[in-house]
Amino acid sequence: MRHLLFTLFLAAMVAVVLPIPATAAVQVNQAAPDFTLPSADGATHSLSEFRGKVVVLEWLNYGCPFVQKHYDSGNMQALQKRYTGEDVVWLSINSSAPGKQGHSSPAEAAELTAEHDAAPTAVLLDPEGEVGKMYGARTTPHMYIIDPDGNLVYNGAIDDKPTTDQADIEGAENYVVAALSAVMDGQQPALQTTKPYGCSVKY
């Protein structure tokens with residue numbers, strides 16, 4: 001009995017002492033870490049190749065109702081078309097692991113992009129979740145903005161309405177639009193960090 005109690009005590013101590021794996025989120029106003037990922041069209045892109053431009057990172061999973069809210073309404077595509085038309089680089093990143101919701105092959109990702117009439121600069125595939133964990137991406141969507149100097153200047157939600165209701169898009173405060181407007185004017189966004197909402201990233 002004593003031996004059993006001692007064993008249980010040791011097990012409890014190990015459970016308390018062992019660190020819990022966590023994603024290491026990057027910090028605003030610090031350099032955004034570089035990465036290289038394959039894209040749905042068969043190319044490979046590195047963040048560093050876009051130095052000198054404003055870059056948006058959008059974590060993507062078409063199976064998520066929160067993502068569907070912004071794509072089925074056309075809201076995300078409108079933002080992509082508007083800002084890529086103003087020389088902003090928009091990278092949609094899929095960090096869903098094989099066998100998990102949202103995972104897709106390059107061909108499937110390209111097909112989904114066309115089906116949704118999405119217009120990012122590229123759809124990048126991160127099935128191992130390395131880039132998602134590097135950035136601390138927690139939800140789909142989770143939005144990041146990087147300034148022309150390569151510094152992260154926004155990390156958080158797309159807007160202030162954390163629902164799946166398309167009707168909430170109209171009248172919402174779009175944090176991404178506000179941050180991009182500031183950065184494109186050479187200024188720092190007034191709001192740089194918000195709580196992202198959506199489905200958990202399927203690492």
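**Figure 1. Gln-192 and Asn-29 meet side chain to side chain, in a polar contact of 2.9 Å.** This is a predicted model, as are the views that follow. Gln-192 sits in the loop that runs between helix 6 and strand 9 (199-200). Its side chain also gets to the backbone oxygen of Val-153, at 3.2 Å. Leaving aside residues up to four places away in sequence, Gln-192 touches Val-28, Asn-29, Val-153, Tyr-154 and Asn-155.

**Figure 2. Helix 6 (residues 175-184) and its buried residues.** Look for Tyr-175, Val-176, Ala-179, Leu-180, Ala-182 and Val-183, which are buried. They cover an arc of only 160° around the axis, so they end up on the same side of helix 6. What do these buried residues pack against? Their partners are strand 3 (55-59), helix 3 (75-84), strand 7 (143-146) and strand 8 (152-156).

**Figure 3. The two ends of helix 6, with Asn-174 at the start and Gly-186 after the helix.** At the start, a side-chain oxygen of Asn-174 comes to within 3.0 Å of the backbone nitrogen of Val-176. Past the other end you'll find Gly-186, with a positive phi near 80°.

**Figure 4. Helix 3 packed with helix 6, at an angle of about 5°.** The two axes are 12 Å apart. Because the angle is under 35 degrees, helix 3 counts as roughly parallel to helix 6. On the helix 3 side, the contact is made by Leu-79, Arg-82 and Tyr-83. Helix 6 brings Val-177, Leu-180, Ser-181 and Met-184. Sorted by type, the residues of this contact are five nonpolar, one polar and one charged. Leu-180 turns up here and also in the list of buried residues of helix 6.

**Figure 5. Lys-202, in the segment after strand 9.** How exposed is Lys-202? The relative accessibility is 23%, so Lys-202 counts as partly exposed. Its side chain makes a polar contact with the side chain of Ser-200, at 3.1 Å. Again not counting residues up to four places away in sequence, Lys-202 touches Asn-61, Ser-95, Ser-96, Ala-97, Lys-100 and Gln-101.

How values were computed: Residues are numbered from 1 along each chain as its sequence is written. This is a predicted model: local features need pLDDT of at least 70, side-chain atom pairs count only at pLDDT 80 or more; totals for chains, interfaces and linings use all residues. Side-chain values use heavy atoms; hydrogens and water are left out. Buried means under 20% relative accessible area, exposed over 50%, partly exposed in between (1.4 Å probe, protein chains only). Helices (H or I, at least four residues) and strands (E, at least two) are DSSP runs, numbered from the N terminus. The arc is that of the directions from the helix axis to the C-beta atoms. Contact means heavy atoms within 4.5 Å. A polar contact is a pair of N or O atoms within 3.5 Å; within protein, one must be able to donate a hydrogen and the other to accept it, and residues adjacent in sequence count only if both atoms are side-chain atoms. Axes are lines fitted to C-alpha atoms, for helices over the stretch in contact, and angles run from 0 to 180 degrees between N-to-C directions. Angles under 35 degrees count as roughly parallel, over 145 as roughly antiparallel, 65 to 115 as roughly perpendicular and the rest as oblique. Ala, Val, Leu, Ile, Met, Phe, Trp, Tyr, Cys and Pro count as nonpolar, Asp, Glu, Lys and Arg as charged, and the others, Gly among them, as polar.
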